[in-house]
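I opened this notebook to record what I looked up in the structure, element by element. The entries follow the order in which I took up each topic.

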Amino acid sequence: MTEQVLDYLKKHREKQLNALYEFLSIPSVSTDSTYKEDVTKAATYVKDYLNDIGFDKAEVQATQGHPLVYGEWLGAGENAPTVLFYGHYDVQPADPLELWDSEPFQPEERDGRLYARGSSDDKGQVFMHLAVFEAFMKTEGKLPINVKVCIEGEEEIGSENLYEILNEKKEQFQADFALISDSGMVAEDQPTILYGLKGFTGLEFSLHGPVNDLHSGMYGGAVRNPATAMAHVLASLKDENEVVQVKGFYDQVEPISQAERELIAEVPSEDYVTSTGIPETVSEQGYTAKEHTMARPTLEINGLYSGYQGEGTKTIIPATATAKITCRLVPGQEPDHIQDLVIKHLEAHTPKGVRIEVKKEPLSAKAYKVDPDHSLIKTAAESYTKAFGKETVYVRMGGSIPVVEWIDAIYQMPIVLLGFGTPNDRLHSPNESFPLDNFTKGMETLVHYWSSVRDSSI
């Protein structure tokens, strides 16, 4: 039966691509109210697609912001597993438009890649699932397992209303496991299981000195310079070995097991010197660069500004200095607790003569990790390998996807992160693209996966 589904996808490839182009042509930019009608149009497109292929229910559900699409097909019966498939149809703004080599909302194929805003993040990956669902319905008249679909329109603005909706509609979204394709692989042709994500928290703080900028000759030596004070405070956060000096920062961190270190070691390494232009890598003492980025917490200064920024010299003592800090967290660390520890450290290291003001980052998320030996994860790895012809590697990602942690916290269900993007996709940037070969192999992976889950017990 699997071969029939794969054959259907092969025969109808041109039709699928045309449908995907239509989807990508809708400028569903959630950050800009100018595109509000287009965002709704994209939601309607997904709803209509689900209806057309035979889902029992497909509807656009209102939220306090942009709508989400909910769909379900429960024809596999009570004894069959149920999956919650999550994705998003909203996209980032295309600006700056002058840096695109083709129109961002007019899909174009070049050199084996499909260029368009949303081609990788996340319309292209969402559409792969829709096309596979269609192939099963057209060939077998049913899906391998029960399916619930949640495709939102606010992921690019922090999923502002989704957490509340997931809490309010627990029965609607309840399933045995969730699957998300909003991630990628470590290399273009390297199947990759993502079994962990880092959490996230952050803050912005300012050091205030005089009420206005002062003449450095008249007041230097009498007035504390907020920019100099900022340098001292920031330097206190980490030592030269990249070890965070905030008291208690590592107290709840789960150690990396030897087995997991071996998994990480098998992942192809990025050549950071070549890809980033740095002279050499610098990681937390005792850990490799891969171990640090995947499985150890980080604290980074993201922005820093004070004083005169124009051409030439302006001899002043600035009135204020501001810095932005974020922390990527690992399992065991609580975002609110880490925020408080960092604030306590900053306050303790603020020198005399300046006043500190702190603004907490409102969007935080816990880290997520699933057992890489879970049967659903192993099945995903085997499906990847069948389609791509290469052994699958296992990674934890340094980035954060808040909805993953929300689903885990609210529903306590395993989450399979089955992504097909690549490092060259240029997410959120001009000339976003997706390799067409991954479009084909990705759908083949999904066919194998759904068929395998149907034939196994989870």
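Helices (H or I, at least four residues) and strands (E, at least two) are DSSP runs, numbered from the N terminus. I keep in mind throughout that this is a predicted model.

**Entry 1: a loop glycine**

With those labels I looked up Gly277, and I found this residue in the loop between helix H10 (272–276) and helix H11 (289–295). Is Gly277 buried or exposed? Its relative accessibility is 59%, and because exposed means over 50%, Gly277 counts as exposed. I also looked up its separation from Gln412, which lies 135 residues away along the chain, and the two C-alpha atoms are 42 Å apart.

**Entry 2: a loop phenylalanine**

I then turned to Phe55, which sits in the loop between helix H3 (36–53) and strand E1 (57–61). Its relative accessibility is 6%, so I noted Phe55 as buried, the cut-off for that class being under 20%. Which residues does Phe55 touch, not counting residues up to four places away in sequence? I listed Leu50, Gly71, Glu72, Trp73, Phe133, Leu143, Val147 and Val149. For Phe133, which is 78 residues from Phe55 along the chain, I recorded a C-alpha separation of 9.3 Å.

**Entry 3: helix H4 and its two partners**

I describe two packed helices by the angle between their axes and the distance between the axes. For H3 and H4 I read a crossing of roughly 15 degrees, with the axes coming within 9 Å. That angle makes H3 roughly parallel to H4, and H3 passes H4 in a left-handed crossing. On the H3 side the contact is made by Tyr45, Val46, Tyr49, Leu50 and Ile53, and on the H4 side by Phe127, Leu130, Ala131, Phe133, Glu134 and Met137. Sorted by class, the residues of this contact are 10 nonpolar, no polar and 1 charged.

I looked next at helix H1 (residues 2–11) against helix H4 (residues 123–140), where the axes also come within 9 Å but cross at roughly 120 degrees. H1 and H4 are therefore oblique to each other, and H1 passes H4 in a right-handed crossing. I noted that Gln4, Val5, Tyr8 and Leu9 of H1 meet Ala131, Val132, Glu134, Ala135, Phe136, Lys138, Thr139 and Glu140 of H4. By class, the H1 contact with H4 has 7 nonpolar, 2 polar and 3 charged residues.

**Entry 4: strand E3**

How many of the residues of strand E3 (residues 82–88) are buried? I found 7 of its 7 residues buried, so that the strand is mostly covered. In a regular strand the side chains alternate between the two faces of the sheet. In E3, Thr82, Leu84, Tyr86 and His88 point one way and Val83, Phe85 and Gly87 the other way, and all are buried. I traced the pairing of E3 with strand E6 (residues 146–152), which is parallel and runs over 7 bridges, with Cys150 in E6 as the bridge partner of Tyr86. E3 is also joined to strand E7 (residues 177–180) by 4 bridges, again in the parallel sense, and here Leu179 in E7 is the bridge partner of Phe85.

**Entry 5: an open sheet of 4 strands**

I recorded the strand order of this open sheet as E11-E13-E9-E14, with antiparallel pairing. Its edge strands, each pairing on one side only, are strand E11 (298–306) and strand E14 (355–360), and the twist averages 20 degrees from one strand to the next. Between E11 and strand E13 (residues 320–329), which run antiparallel, I noted 8 bridges, and Thr322 in E13 is the bridge partner of Tyr305. Helix H12 (residues 335–348) lies across strand E9 (199–208), E11, E13 and E14, and runs at about 25 degrees to E9.

**Entry 6: an open sheet of 3 strands**

The order here is E4-E5-E18, and the pairing is antiparallel. I marked strand E4 (108–110) and strand E18 (433–435) as the edge strands, each of which pairs on one side only; the twist averages 30 degrees from one strand to the next. Strand E5 (residues 113–115) pairs with E18 in the antiparallel sense over 3 bridges, and the bridge partner of Leu114 in E18 is Phe434. Last, I looked up helix H15 (residues 436–454), which lies across E4, E5 and E18 and runs at about 60 degrees to E18.

How values were computed
Residues numbered from 1 in each chain as written. Predicted model: local features only at pLDDT ≥ 70, side-chain atom pairs only at ≥ 80, totals over all residues. Heavy atoms only, no water. Axes fitted to C-alpha atoms, helices over the stretch in contact; angles between N-to-C directions. Parallel < 35°, antiparallel > 145°, perpendicular 65-115°, else oblique. Left-handed = near helix turned anticlockwise from the far one by under 90°. Contact = heavy atoms within 4.5 Å. Nonpolar A, V, L, I, M, F, W, Y, C, P; charged D, E, K, R; others polar. Pairing = 2+ DSSP bridges. Buried < 20%, exposed > 50% of the residue type's maximum accessible area, 1.4 Å probe, protein only.
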